[in-house]
Amino acid sequence: MEKFSTHTGVGVPLRRSNVDTDQIIPAVYLKRVTRTGFEDALFAAWRGDPSFVLNQEAYSAGSVLVAGPDFGTGSSREHAVWALKDYGFRVVLASRFADIFRGNSGKQGLVAGVVAQEDVELLWKVLETRPGTEVTVDLEAKTATADDVTVPFQIDDYTRWRLMEGLDDIGLTLQHEADITAFEEQRASWRPKTLPAKHLPSVPIEPARPVG
Amino acid sequence: MAGTLAEKVWEAHLVRRGSDGSPDLLYIDLHLVHEVTSPQAFEGLRLTGRPVRRADLTIATEDHNTPTLDIDLPIADLTSRTQIDTLRNNAREFGVRIHSLGDADQGIVHQVGPQLGLTMPGLTVVCGDSHTSTHGAFGALAFGIGTSEVEHVLATQTLPLTPFKTMAITVNGDLPPGTTSKDIILAIIAKIGTGGGQGYVLEYRGEAIRKLSMEARMTICNMSIEAGARAGMIAPDETTFEYLAGRPHAPEGADWDAAVEYWKTLRSDDDAEFDAEVVLEAADLEPFVTWGTNPGQGLPLSASVPVPADIADEGDRVTAAKALEYMGLEGGTPLRDITVDTVFIGSCTNGRIEDLRSVAKVLRGRTKADDVRVLVVPASARVRLQAEAEGLDVIFKEFGAEWRNAGCSMCLGMNPDQLAPGERAASTSNRNFEGRQGKGGRTHLVSPLVAAATAVRGTLSSVSDLDLDEDVDLATFDGTPLAPLSAPSFV
């Protein structure tokens, strides 16, 4: 996971509350086999509406989403975070997040910063008055700045540390790789290995056919 | 300190103990992979440039999306075909062993591990599938994981986890004739509810459990998840060792001796403390069937469909009324009066050779009820071969059943084997959720014996409703192994 210290990019005002994960990415996209390429699925139901914020040229290259309260409620699908990241978002700011969404964000390197609702309103005002305004998010200082407006945001220390160090769960575990290797060295020889493969003689399997 | 079976296996896999509220890091002995929950995990490895740490502790098979007919033809459904192709490509790229459709070792992932002798006592076993709890029947700590965790295990062979609570479920006495381990687990779920096991590892013990065969134990542990538990376990014993001995990946020589010596220590200490305890008397059990849309909505076959108005708890009353509406049932109808359209015998719950043998014993010399479709789907290609070696396929076909290739089949609506809207099934599978077996399909979960008797009569039935031949020994229907009709070949 890439280390995150500061990020500057176009801010996108999303004046909606309770944006659930079905709105972020509908279930029909979950059958895909990839982890990337979900950018077209992001907010799929709204993308056909020309007035939707991401369909406006000034915002279409946005990377800092400023949303209404209770962002990311509903199903636990990790695809919601993948879709936001694939589109290009690095940060979502809102006054409240669903727990699972916030957890998934931390795992995938997306900053989910909690901003007081009155500060969200301040950011919206700047971003809507001057479309295309860039927001600078400083994870160390825990601030977001758009033009002359600087607001603080909250993020738990453990997640912030992981994001700043660029450590996903796997990266964190691999910090203890020496422990894993040591454990493997004392693993009893009776414990199974799938390779080299052992099995009974291979025999042809006759395909069943439809009856009647 | 005295410990439970689950705690002993946990402790034996501690790579690193967590501190200050951070989780323990647990080593994973065996990682089973299938086509549905693995693609994004492999993709994640590609994106981060990480290899599979231990391909030699990983094995993949194709089961959820695969058809059970015409398996030599291209898979018609494009999404399914893509998922299968993706698994094959990922296995090749990352050096993971795979048993593909058409291979003699292909089958449902939870049958493939045990039949190869890879599933053993004292292991940690994971798979991106909630029915991974099946492997707990061997005294392994086995549980389902999500796609991020699949990637985590592929990359590190470990998982960060916080300890589970433990629940002892003791089943005393002997099972009455005509009842099976499926009836035990359906009764347990009806008793503790679909959320009763949340946060727990269940340990099944007691005389009735000890007398069960390995396969019957797998049926019980398989459905632990249906009680909300992450895992179910049974302490290993001679039955376990006998099942394992001589299988392709079972330890040999000195390794076998060392393993058995260790496995014998894998039992909860007499003074171990469980966080919760449940006791059942096997003698009170009779064949169990579900009437609703969750596995906890089950009753003895002799009962009637509940009348919602009679249910005191408002939440339960509303849930029951909603379930009956979906199921198209009237409260007060005797369960035995319910007519089915389809009988499905198969799945990781009840698609093993013993299940097929006991079904064949009931079906032999009979013909199916008119207008009932009967599917018999072995859990693996090896189970199919074994059944054919014993002539079971002939019995099924003469009865009027369809004899299929191995896979998850009608247990879940991800492949061509599905119920049509409104179609009603007696199914040996594990979930009766709305739409589980196909949009609008209605599922009654049953044991293989109830499924067989129902296929004969066309209404929900038990073997006691049949005029069984005198030479059929009902005592052999209790889940213990039947005498094989030919030499066993380790399925």
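Visitor: Which residue is the bridge partner of Ile169(B) in strand 10 of chain B?
Guide: Tyr204(B). Strands here are DSSP runs of E, at least two residues, and helices are runs of H or I, at least four, numbered from the N terminus. This is a predicted model, where local features need pLDDT of at least 70 and side-chain atom pairs count only at 80 or more, while totals for chains, interfaces and linings use all residues. Residues are numbered from 1 along each chain as written, with chains lettered from A and ligands numbered from 1 in the order in which they are written.

Visitor: How many bridges between strand 9 and strand 10 of chain B, and in which sense?
Guide: 6 bridges, in the parallel sense. Strand 9 of chain B covers residues 165-172 and strand 10 covers 200-205. Two strands pair if DSSP finds at least two bridges between them.

Visitor: What sheet do they belong to, and in what order?
Guide: An open sheet of 4 strands in chain B, ordered 11-10-9-12, with parallel pairing. Strand 11 (231-233) and strand 12 (276-281) of chain B are the edges, each pairing on one side only. From one strand to the next, the twist averages 20°. Angles run from 0 to 180 degrees between N-to-C directions of lines fitted to C-alpha atoms, for helices over the stretch in contact.

Visitor: Which helix lies across strand 9 and strand 12 of chain B?
Guide: Helix 6 of chain B, residues 181-192. Helix 6 runs at about 130° to strand 12 of chain B.

Visitor: New topic. Strand 19 of chain B: which residues are buried on its two sides?
Guide: Arg442(B) and His444(B) on one side, Thr443(B) and Leu445(B) on the other. Buried means 20 or more other C-beta atoms within 10 Å of the residue's own; exposed means 12 or fewer, partly exposed is in between, and C-beta atoms are placed from the backbone. Strand 18 (residues 424-427) of chain B runs parallel to strand 19, joined to it by 4 bridges. Ala425(B) stands opposite Thr443(B).

Visitor: And helix 5 of chain B, how many of its residues are buried?
Guide: 9 of its 10, across residues 147-156. Among them are Glu149(B), Glu151(B) and His152(B). The buried residues pack against helix 7 and helix 8 of chain A. Within chain B they pack against strand 3 (30-33), helix 2 (39-48), strand 6 (124-127) and strand 8 (158-161). Just after the helix, Gln157(B) takes a positive phi of about 60°.

Visitor: Arg162(A), buried or exposed?
Guide: Arg162(A) is buried, because 20 other C-beta atoms lie within 10 Å. It sits in helix 6 (residues 157-165) of chain A. Beyond its neighbours within four places in sequence, Arg162(A) is in contact with Gly106(A), Leu167(A) and Leu172(A).

Visitor: Last one. How many helices and strands in chain B?
Guide: 16 helices and 19 strands. Of its 491 residues, 59% count as buried.

How values were computed: Contact = placed C-beta atoms within 7 Å.
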